[in-house]
Amino acid sequence: MVAAVASAVALACTPQPGAGTVAYVSAGALKVLDLGTCTTRTIVPRGAAAPLAFSHDGHWIAFGRGKVVSASGGKVLMPIGAIWRWAWAPRSDELAGITPAGGVVQGVPGSPAGVLAPAGWGATSLAWNPENLALAVGRGKFNGPATPKGIQEIVGFVGADQHVLYRTPHGQVAPPIVAAWIGQHIYFQPDFGSSASIAADGLPLRAILPFRSPKPVVRAVLPQAGFVVGCGKNAIVVAGGDRNTETNKRVVAYDGAHVTTLAAGRGLAWLEPACGPSTAVAAGPDRPAMGLIQPQRSIWLVSPLRRLTRSPKGWSDETPTWTANEKSLVFFRERFGKGSLYLVKPKTRKLVGPLALDVVGFAVGR
């Protein structure tokens, strides 16, 4: 059992009543900052790692390879074991994950895990239905090299029941990577040739209604976390090929029928959309083949397009995330993967921070 340890007031914090909390990892410790009181508690002193996310009600925090701890501190649990990829259910404290051997597991903190698909099943990706009723899992199972004879499909799990929602067309090698389930549509990318090299340059994004034929959305999206996010019934997508995230990226919205550009051009590469009262994005100079040059991004709002921050030379403002009351944005000012947390108020563009130092990942909760 690990008790939460209260620490001093955050470095340069102004209390934000109703803004919720921020969980972050710093020097291997998992800490929680209460934005309403500006106090920080260490709830896991060592062994914490990104990614991290709050459960739907903010009671639990998942981090690393499927570890879970109460947001108020306590024993670190592994309700579904060590997993390769995981996601919280949108309306319950259920965690679903993919095992390193391609199985699918599901469970809640404090209870034994349930096995939805065994090791060797070929799971590669997953997404919850927004109503918490089902789980869509991308599957690619081959005996040896990838060939059209392999199993390539999207399977829907409703409790213990399984339903094949989509199969790769006959004669193709293109196992589906599930990106998101938004509204009634499941968004996926056909992984042509089952090739990591091809996928790194971007894959088409398609949308299906279960058991229906897919519809094209955009021609190229990198298969990365955060490149397809939900905003109500709309999908917000970071579109554009090239494995370099510092070039040829724009942010678009798709409502199930039409694509609308939200942010593009102006000599900038746009990415990291965050749904809120206005979509927030990060954008930096569009420079092909940047290599290890710092992208020097800033935080913007769209509709209308408005810049909120200017990062200092050598730094980059990343990952805008709305607070619980949607009055401010928390973001990461980083340099080569490590940095500080800040908060900006869109109405005044007032910057608050740094809230925390040496941060390598964060999540905002209630």
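Predicted model: local features only at pLDDT ≥ 70, side-chain atom pairs only at ≥ 80, totals over all residues.
Where in the chain does Q296 lie? Q296 sits in the loop between β25 (280-285) and β26.

Although Q296 is not a glycine, it has a positive phi of about 50°. Q296 is partly exposed, with a relative accessible area of 27%. F211 also has a positive phi without being a glycine, with a value near 70°. F211 belongs to the loop between β18 and β19 (215-221), and with a relative accessible area of 59% it is exposed.

Cis peptide bonds deserve a look too. One joins S303 and P304, where omega is about -5°; P304 is found in the loop between β26 (298-301) and β27 (306-307). Another joins G353 and P354, with omega at about 10°. P354 is part of strand β31 (residues 350-365).

**A hairpin**

Strands β22 (residues 250-254) and β23 (residues 259-263) run antiparallel to each other and pair over four bridges. Within this pairing, Y254 faces V259 in β23. The two strands make a hairpin with four residues between them, and G256 in the turn shows a positive phi of about 100°.

**Salt bridges**

Side chains of opposite charge can pair when their charged atoms come close. How many salt bridges does a search of the whole structure find? The search finds seven, and the table shows some of them.

| Pair | N to O distance |
|---|---|
| R167 and E153 | 3.4 Å |
| R243 and D201 | 2.9 Å |
| R333 and D317 | 2.7 Å |

Let us take these pairs in turn. The salt bridge between R167 and E153 starts from strand β15 (residues 161-167), which holds R167, and reaches E153 in strand β14 (residues 151-158), so it ties together parts that are 14 residues apart in sequence.

In the second pair, the side chains of R243 and D201 meet in a salt bridge. This pair links distant parts of the chain, 42 residues apart: R243 is in the loop between β21 (234-239) and β22, and D201 is in the loop between α1 (196-200) and β18 (203-208). R243 counts as partly exposed at 45% relative accessibility, and D201 counts as partly exposed at 35%.

**S316 and its contacts**

Strand β28 also contains S316, which is buried, with a relative accessible area of 0%. A polar atom of the S316 side chain lies 2.8 Å from the backbone nitrogen of R297. The side chain of S316 also makes a polar contact of 2.7 Å with the side chain of E318.

**The second largest pocket**

Rolling a probe the size of a water molecule over the atoms shows where empty space is left. The second largest pocket has a volume of about 290 Å³. Its lining is made up of 17 residues, and E326, K327, S328, P346 and K347 lie nearest the centre. By class, the lining of this pocket has seven nonpolar, five polar and five charged residues.

Terms used:
Residues numbered from 1 in each chain as written. Heavy atoms only, no water. Pairing = 2+ DSSP bridges. 1 Å grid on protein atoms, 1.4 Å probe; cavity = no way out; pocket = protein on both sides within 12 Å on 5 of 7 lines; lining within 4 Å. Points joined across faces, edges and corners; volume = space filled by probe spheres on them. Nonpolar A, V, L, I, M, F, W, Y, C, P; charged D, E, K, R; others polar. Salt bridge = Lys/Arg side-chain N within 4 Å of Asp/Glu carboxyl O. Buried < 20%, exposed > 50% of the residue type's maximum accessible area, 1.4 Å probe, protein only. Polar contact = N/O pair within 3.5 Å; in protein donor to acceptor, adjacent residues only side chain to side chain.
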